[in-house]
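Please give a short briefing on this structure for someone new to reading protein models. Take it topic by topic, in whole sentences.

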Amino acid sequence: MNFGVFITCRNGSKRLPGKCNLEFLKKTTYIEYIFKRTSKIKNKCKKILCTTKNKSDLNLVNTAKKFKINSFRGDTLDKLKRWKDAAKKFKIDFFVTIDGDDPLFAPELIDNAFNQYLKNKPDFIEGKKLICGLFTYGIRTKALEKVCKIKNTNKTEMMSIYFTNTGLFNCEQLKNVNKKYFRDDIRLTLDYPEDHLFFKTLINNFKKKKFLSTLDVINTINKYPYLLKINKHRINEWKNNQLKHTKLILKK
């Protein structure tokens with residue numbers, strides 16, 4: 001059984017240009033921190049940067065090399081095809097995704113997804129109602145290959161509905177999740193300038209810690225609730241944008 005972690009990232013953001021290359025910690029960019037954070041994943045897996053063939057994304061590939069992260073350069077718009085081709089190249093049976101704008105993803109949730117797959121062999125695992133930035137998706141490659149045959153669009157950023165809404169796949173909710181991770185008032189993702197300010201302000205509370213656990217972050221937010229005010233107003237805008245781009249387009 002070959003497991004993979006696909007770190008999906010490209011330099012195409014219009015709302016916050018070059019966001020993954022902004023400084024997160026001192027002398028450490030967001031994407032560098034994500035690469036470092038993958039070392040906390042306990043299950044044996046291949047860690048692969050899934051980016052595009054655009055020249056602007058070459059710096060991501062070079063950064064991945066420094067952290068001994070594999071790279072795959074594929075389709076610019078079609079995230080599902082990019083994943084499918086990456087899985088084929090690296091012979092991956094099941095993978096969990098990490099978005100390049102989620103620097104505080106929870107490694108333990110990724111391990112939960114791997115363990116759940118070993119037990120039940122579902123086609124798709126989804127962590128619903130989690131804090132924005134902790135979203136966890138596990139995908140069986142064979143199911144992904146089927147999705148790529150039935151979809152009729154290359155705009156697949158909002159990809160989960162191709163598994164959950166077609167009635168063709170065995171889908172499960174992510175299990176064994178700490179109840180503290182179910183919050184809709186926290187944004188731990190990087191889309192807007194306010195999100196960058198939020199992260200920089202949050203990090204000031206961890207000057208001596210090298211690793212920020214998910215519980216550390218949540219407990220700090222609970223201790224300093226003013227942090228939420230920095231980017232909370234972006235939550236509805238982000239949700240509306242997600243809904244606008246969530247469309248199931250299948251071949252007839």
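In which sense do strand 7 and strand 9 pair, and over how many bridges? Strand 7 (residues 124–126) and strand 9 pair in the parallel sense, over 3 bridges. The model is predicted, so local features need pLDDT of at least 70 and side-chain atom pairs count only at pLDDT 80 or more, while totals for chains, interfaces and linings use all residues. Residues are numbered from 1 along each chain as its sequence is written, and side-chain values use heavy atoms, with hydrogens and water left out.

**The sheet**

- Seen as a whole, the open sheet has 7 strands in the order 5-4-1-6-8-7-9, with mixed pairing. Helices (H or I, at least four residues) and strands (E, at least two) are DSSP runs, numbered from the N terminus, and two strands pair if DSSP finds at least two bridges between them.
- Strand 5 and strand 9 (171–173) stand at the edges with a single partner strand each, so one side of each has no neighbour in the sheet.
- From one strand to the next, the twist averages 25°.
- Strands of a sheet pair through backbone hydrogen bonds, either parallel or antiparallel.

**Strand pairs**

- Strand 4 (residues 46–52) pairs with strand 5 (residues 70–74) in the parallel sense over 5 bridges, and S71 in strand 5 is the bridge partner of L49.
- Strand 1 (residues 3–8) runs parallel to strand 6 and is joined to it by 6 bridges; I98 in strand 6 is the bridge partner of I7.
- Strand 6 and strand 8 (residues 137–140) run antiparallel and are joined by 3 bridges, and the bridge partner of F95 in strand 8 is I139.
- Strand 6 (residues 94–99) has 5 of its 6 residues buried, so it is largely enclosed by the rest of the structure. Buried means under 20% relative accessible area, exposed over 50%, and partly exposed in between (1.4 Å probe, protein chains only).
- E126 stands opposite Q173 in strand 9.

**Helices on the sheet**

- Helix 2 packs on the sheet and touches strand 4 and strand 5, with its direction at about 165° to that of strand 4. Contact means heavy atoms within 4.5 Å.
- Helix 4 (residues 107–120) also packs on the sheet, where it touches strand 1, strand 6, strand 7, strand 8 and strand 9. The direction of helix 4 makes about 160° with that of strand 6.
- Axes are lines fitted to C-alpha atoms, for helices over the stretch in contact, and angles run from 0 to 180 degrees between N-to-C directions.

**Helix 1 and helix 2**

- The axes of helix 1 (residues 30–37) and helix 2 come within 10 Å and cross at roughly 35°.
- In this contact, I31, E32 and F35 in helix 1 meet L60, T63 and A64 in helix 2.

**Two single residues**

- N231 lies in helix 9 (residues 228–231) and is buried, with a relative accessible area of 1%.
- Not counting residues up to four places away in sequence, N231 touches R187, E194, D195 and F198.
- D93 sits in the loop between helix 3 (79–90) and strand 6, and counts as partly exposed at 33% relative accessibility.
- Leaving aside neighbours within four places in sequence, D93 is in contact with M1, N2, I139, R140 and T141.
- From C-alpha to C-alpha, D93 and S13 are 30 Å apart in space, and they are 80 residues apart in sequence.
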